[in-house]
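Hi,

Here is the structure I promised to pass on. Have a look at it first, and my notes follow below.

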Amino acid sequence: MASRSKAGAALDALREDLSGDVFAPGDFGYDDARTVFNTMIDRRPAVIAQCVDEDDVVRAVRFGRELDLNIAVRGGGHSVSGMALNDNGLVVDLRHLRAVTVDPAAEAVRIAGGATMSDLDRATQPYGLATTGGRASTTGVGGFVLGGGTGWLDRCCGLAVDNLLGVELVTSDGDRVHANADENPDLFWALHGGGGNFGIATAITLKLYELPGFAIAMPLYRPETAPDAVRTFRDVIESGPDEVGGGVLWFTGPPEDFVPPSLVGKLVCGVLLTYAGAEQDMRKYAEPLLALPHEAEIVGAMPYADVQCMIDDPPGMRHYWSAEYLTGAPDDFVDVYTAEARTMPVPTGTQYALLPQGGAIAAGPHEFPVPYRDAPWAVHPYGMWEDPADDERCVQWVRDVRTGVRPWSTGAVYLNFIGDEGAERVVAGLGAGNTRRLAELKRRWDPDNVFRFNHNIRPA
């Protein structure tokens, strides 16, 4: 750490040189700037640099290196374990880099490093184009994509990294580099799942797909009907085309118009069937689900960008998540899965998802460090609550779910779905052989492990 006088002079210079705002403890706005969506996270960085362009990012990184500060990077700030923040270090905050530029002729889109999924989806929708995005509109695009990227369109469009065309990066030395299939191809490979380990992505370019229509069906079931609904959804997915997707979603019935009063505050099983296409085509796949006894339903065409907002996290909540990727979803698994749902903390904001894979995910390129690609199903217990008194029971429930479904686990995991679960889980999210290659590339691109506030890959 630099001397106090040197640090003060450097901070004054950063305030002068940065086009964006700089916050330090005691500054007005500092507490707002350090707040992330998971209110369990309470960290106090020494400096928060809110960058407005790539030049600012370069200045911020060089400032951090000069003072030997730990550096965290904030895009969407959606990491459940608070990787966007640190204590007594520097946060490079990208939230003002929000530009999204659509090239409809090339079916490609360039997204600045701080843009959220909503920024992306709202920009591409007027062109009838879309690409695989996260299931919450507040998710940051950069971290989502570089961590792998799964969402409602992945069965027909592949994982987000399968659509990665290029990345603009600021390295740990404050240098600017481009990575694509032709330029720095090894680095480009590493960015297909290696996350923020190799630099700060100031912009990424993704392939787009025509999406002239989107439709959903979501019947709501009581818990006693849920096992039949889950099995039916499984059969629809496994026999249907790649355009069919969605997931089983357990939640506490909210006081909304689509929820009958008898289910408000009670455990509800919703089966969301999505379809990348016209409503009339979706309805034939939804028919078996709608034929089961259910309490309410949402059925119809809906803009994709609106569906992306359906399960957004409300602000001010506490979070703990995990996931297991599965060899299959046989009947005995469904029994365990639905039994675990009956123990879910209710009423809280907690959700419990069973998500299908297959389709373009399984058919995608197998050379990237995303070892969960071949798993046909994933379980995602998503603990979310408001009262700190519920911390222990909500965290324990998530862990119990993992234990319960482990007999069907492939051992691989999507790292964006989990918090800090140790080095072994990072390897499980990348693959052992891939991890060794990534560690060698980390030594080349970030030998001092400057970018360590992530699912970290240590230099070999």
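Does Phe417 count as buried or exposed, and why? Phe417 counts as buried because its relative accessibility is 10%, where buried means under 20% relative accessible area. Before the rest, please note that this is a predicted model, with local features needing pLDDT of at least 70, side-chain atom pairs counting only at pLDDT 80 or more, and totals for chains, interfaces and linings using all residues. Residues are numbered from 1 along each chain as its sequence is written, and side-chain values use heavy atoms, leaving out hydrogens and water.

Phe417 forms an aromatic pair with Tyr414 (ring centres within 6.5 Å). The pair is edge-to-face (planes over 60 degrees apart), at 4.7 Å centre to centre and 70° between the planes. Tyr414 is buried too, because its relative accessibility is 2%.

Tyr337 and Tyr352 are both buried. Ring pairs also link these two with Phe333, Trp397 and Trp408 in a cluster.

Now the helices. H8 (residues 226–239) and H9 (residues 279–290) pack at about 160°, with axes 9 Å apart. The two are therefore roughly antiparallel (over 145 degrees). Their contact (heavy atoms within 4.5 Å) is made by Ala229, Thr232, Phe233 and Val236 of H8 with Tyr285, Pro288 and Leu289 of H9.

Enjoy exploring!

Terms used: Axes are lines fitted to C-alpha atoms, for helices over the stretch in contact, and angles run from 0 to 180 degrees between N-to-C directions. Helices (H or I, at least four residues) and strands (E, at least two) are DSSP runs, numbered from the N terminus. Angles under 35 degrees count as roughly parallel, over 145 as roughly antiparallel, 65 to 115 as roughly perpendicular and the rest as oblique. Buried means under 20% relative accessible area, exposed over 50%, partly exposed in between (1.4 Å probe, protein chains only). Rings of Phe, Tyr and Trp (its six-membered ring) pair if their centres lie within 6.5 Å; planes under 30 degrees apart count as stacked, over 60 as edge-to-face and the rest as tilted.
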